[in-house]
Amino acid sequence: MTVVVLVLLSVTLLLVVRGQVKKHYSVHTISGTSMTPTLTEKDQVLVKKKTLIQRYGIVAFSVRKEEGMFVKRVIGLPGDKIFIRNERMVLDLGEQGDFETTYTYQLSPTVAEEFQTLNTIPEEVYFVIGDHVDVSKDSRTFGFVHRKAIEGTVQFRFPAIHLARPNNE
């Protein structure tokens, strides 16, 4: 009888802990090379839900009309100064808004047109970029990411394990 009670308590505790973990964390598998070298194909990332989003942090989010989750680095925050000229966005990272420290990004024509009238990044949205900028599909092509679309921030990387295959000679 004692063993049965212990087993039931253990299973109950496991289910409660699992439920709490799922409530606060999720795990996603990386697909593609847009975050190389930081994250590689088939790595898994632990995402903490409902956390503070900071510049240079990595976030997991969804994009309307796109399948799956995206994982990218946050570069632009709400309130950051920007200007758009000829499909290029200049993002000011300086403290005084004097455009002394900047990043410049080539935008898709659609995004450049959408951003054209802005001089700051609006509230509740972020500009995100993949670390491998040459191949990344990110804010340069789909625009800002809304806060409500962000699931959370990446806390930990579980590297993919690539097992060596024997040569069949």
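This briefing covers the pockets, aromatic pairs, strand pairing and salt bridges of one structure. The model is a predicted one, and every value below is computed from it. A search of the whole structure gives five salt bridges, while the count of aromatic pairs comes to 10.

- For the lining of the second largest pocket, the elements that give two or more residues are β1 (25-29) and β4 (70-76), with β4 providing the largest share, three residues.
- By class, the lining of the second largest pocket divides into six nonpolar, eight polar and three charged residues.

**Aromatic pairs**

- Among the 10 aromatic pairs, Phe 70 and Phe 142 form one that is edge-to-face, with 5.4 Å from centre to centre and 70° between the planes.
- This pair links distant parts of the chain, since Phe 70 belongs to strand β4 and Phe 142 to helix α3, 72 residues apart, and both Phe 70 and Phe 142 are buried.
- The ring centres of Phe 127 and Phe 144 lie 6.4 Å apart with their planes at 75°, so this pair too is edge-to-face.
- Phe 127 sits in strand β8 (residues 125-129) and Phe 144 in the loop between α3 and β9, so that the pair links distant parts of the chain, 17 residues apart; both Phe 127 and Phe 144 are buried.
- Phe 127 and Phe 144 also belong to one aromatic cluster, together with Tyr 103, Tyr 105 and Phe 115.

**Strand β4 and its partners**

- Strand β4 is mostly covered, with seven of its seven residues buried.
- On β4, strand β3 (residues 58-61) pairs in the antiparallel sense over four bridges, and Arg 73 in β4 is the bridge partner of Ile 58.
- Strands β4 and β8 also run antiparallel, joined by three bridges, and Gly 76 stands opposite Phe 127 in β8.

**Salt bridges**

- One of the five salt bridges joins the side chains of Asp 43 and Arg 157, at 2.6 Å from N to O.
- Asp 43 lies in the loop between β1 and β2 (44-49) and Arg 157 in strand β10 (residues 150-158), so this pair ties together parts that are 114 residues apart in sequence.
- Asp 43 counts as buried at 0% relative accessibility, whereas Arg 157, at 34%, counts as partly exposed.
- The side chains of Asp 131 and Arg 73 meet in another salt bridge, at 2.8 Å from N to O, and because Asp 131 lies in the loop between β8 and α3 and Arg 73 in strand β4, the pair ties together parts that are 58 residues apart in sequence.
- At 25% relative accessibility Asp 131 counts as partly exposed, while Arg 73, at 18%, counts as buried.
- Arg 140 forms a salt bridge with Asp 138, with the closest N and O atoms 2.8 Å apart, and both Arg 140 and Asp 138 are buried.

Methods: Residues are numbered from 1 along each chain as its sequence is written. This is a predicted model: local features need pLDDT of at least 70, side-chain atom pairs count only at pLDDT 80 or more; totals for chains, interfaces and linings use all residues. Side-chain values use heavy atoms; hydrogens and water are left out. Ala, Val, Leu, Ile, Met, Phe, Trp, Tyr, Cys and Pro count as nonpolar, Asp, Glu, Lys and Arg as charged, and the others, Gly among them, as polar. Rings of Phe, Tyr and Trp (its six-membered ring) pair if their centres lie within 6.5 Å; planes under 30 degrees apart count as stacked, over 60 as edge-to-face and the rest as tilted. Buried means under 20% relative accessible area, exposed over 50%, partly exposed in between (1.4 Å probe, protein chains only). Two strands pair if DSSP finds at least two bridges between them. A salt bridge is a side-chain nitrogen of Lys or Arg within 4 Å of a carboxyl oxygen of Asp or Glu.
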